[in-house]
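Q: I would like to go through this model with you, one topic at a time. Could we begin with the charged side chains?

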Amino acid sequence: GKILELTDDALLDYPWVYLIEPGRMSLTEAEVAGLRKYLLNGGFMMVDDFWGEYEWDNFYREIKRVFPDREPVELPLEHEIFHCVYDLKKKPQVPSIHAWMATGRTDDNRPDAAEVHYRAIFDDKGRMMAIICHNTDLGDGWEREGESVEYFKEFAEKWSYPIGINIVTYAMTH
């Protein structure tokens, strides 16, 4: 991985970016312009690990600054992104390992996060520029494999790796 600022011209050298925990994100005007330029010039952004209505509302306000004329669209389970490599039978909701170990629940122990959402933003030609994974933490399934065999088998193997592979494959081939 490489960490880049949204204002860095080198961002355009990378076809795929991963934005995590945007629930309290506050973009500068330069970052708004940089992200818009990146996405409209063929870049793809995956957004992950934010929960509940407050964090959604904040992210929505910020992404509408990037694209005031575009709406995030809920992706149906039938969308190709859920089936292009792995055939997923449901939209994965992966809790953070700590919330799951404490409660056994998949909603990250938040009363307003029971329903997982996968939304997308498309360009004028119908190309998906961004997938927004809300009320899920796919990244925890990728990074926590050594902490709990049970969590790894239930969330990483079954959900985080398959949907992650699908997202990257879809983004790089469409």
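Q: How many salt bridges does a search of the whole structure find?
A: The model is a predicted one, and the search of the whole structure finds 14 salt bridges.

Q: What else does arginine 110 meet in a salt bridge?
A: The side chain of aspartate 108 also meets arginine 110 in a salt bridge, at 3.2 Å from N to O. Aspartate 108 has 10% relative accessibility and therefore counts as buried.

Q: Which residues are linked in a network of salt bridges?
A: The network links Arg24, Glu55, Asp108 and Arg110.

Q: What about arginine 127: with which residue does it form a salt bridge?
A: Arginine 127 forms a salt bridge with aspartate 123, and the closest N and O atoms are 3.3 Å apart. Both residues of this pair, arginine 127 and aspartate 123, are buried.

Q: Let us turn to strand 5. How many of its residues are buried?
A: Strand 5 covers residues 128-134, and seven of its seven residues are buried.

Q: Which strands pair with it, and in what sense, parallel or antiparallel?
A: Strand 2 (residues 44-48) pairs with strand 5 in the parallel sense over three bridges. Strand 4 pairs with strand 5 in the antiparallel sense over six bridges.

Q: Where does isoleucine 132 come in as a bridge partner?
A: Isoleucine 132, in strand 5, is the bridge partner of valine 47. Isoleucine 132 is also the bridge partner of arginine 119.

Q: And the hairpin of strand 4 and strand 5: how many residues are between the strands?
A: There are five residues between the strands, and in this hairpin glycine 126 takes a positive phi near 90°.

Q: Which residues other than glycine have a positive phi?
A: Glutamate 21 is one of them, with a phi near 50°. Asparagine 109 is another, with a positive phi of about 60°.

Q: Where do glutamate 21 and asparagine 109 lie?
A: Glutamate 21 is in the loop between strand 1 (16-20) and helix 1 (29-40). Asparagine 109 is in the loop between helix 3 (97-103) and strand 4 (117-122).

Q: Why does glutamate 21 count as exposed?
A: Glutamate 21 counts as exposed because its relative accessibility is 55%, and the cut-off for exposed is over 50%. Asparagine 109 has a relative accessible area of 41%, so asparagine 109 is partly exposed.

Q: A change of topic: how many disulfides are there?
A: The count comes to zero disulfides. Cysteine 84 is in no disulfide, and the nearest cysteine sulfur, that of cysteine 133, is 13 Å away. Cysteine 133 is likewise in no disulfide, its nearest cysteine sulfur being that of cysteine 84 at 13 Å.

Q: Why does cysteine 84 count as partly exposed?
A: The reason is that cysteine 84 has 28% relative accessibility. Cysteine 133 has a relative accessible area of 0% and is therefore buried.

Q: What does asparagine 166 touch?
A: Leaving aside residues up to four places away in sequence, asparagine 166 touches Ile81, Phe82, His83, Cys84, Val85, Tyr86 and Leu88. Asparagine 166 is found in helix 5, and with 0% relative accessibility asparagine 166 counts as buried.

Q: How far apart are asparagine 166 and phenylalanine 122?
A: They are 44 residues apart in sequence, and their C-alpha atoms are 17 Å apart in space.

Q: Lastly, which residues make the nonpolar surface patch?
A: Val85, Tyr86 and Ile165 make this patch, which has an area of about 250 Å². Isoleucine 165 is found in helix 5 (residues 149-173), and its relative accessibility is 35%, so isoleucine 165 counts as partly exposed.

Terms used:
Residues numbered from 1 in each chain as written. Predicted model: local features only at pLDDT ≥ 70, side-chain atom pairs only at ≥ 80, totals over all residues. Heavy atoms only, no water. Disulfide = S-S within 2.5 Å. Buried < 20%, exposed > 50% of the residue type's maximum accessible area, 1.4 Å probe, protein only. Patch = residues over 30% accessible without salt bridge, like charges linked within 9 Å, V, L, I, M, F, W, Y side chains within 5 Å. Areas by Shrake-Rupley, 256 points an atom, 1.4 Å probe, with all protein chains shown as cover. Salt bridge = Lys/Arg side-chain N within 4 Å of Asp/Glu carboxyl O. Helix = DSSP H or I, 4+ residues; strand = E, 2+ residues; numbered from the N terminus. Pairing = 2+ DSSP bridges. Contact = heavy atoms within 4.5 Å.
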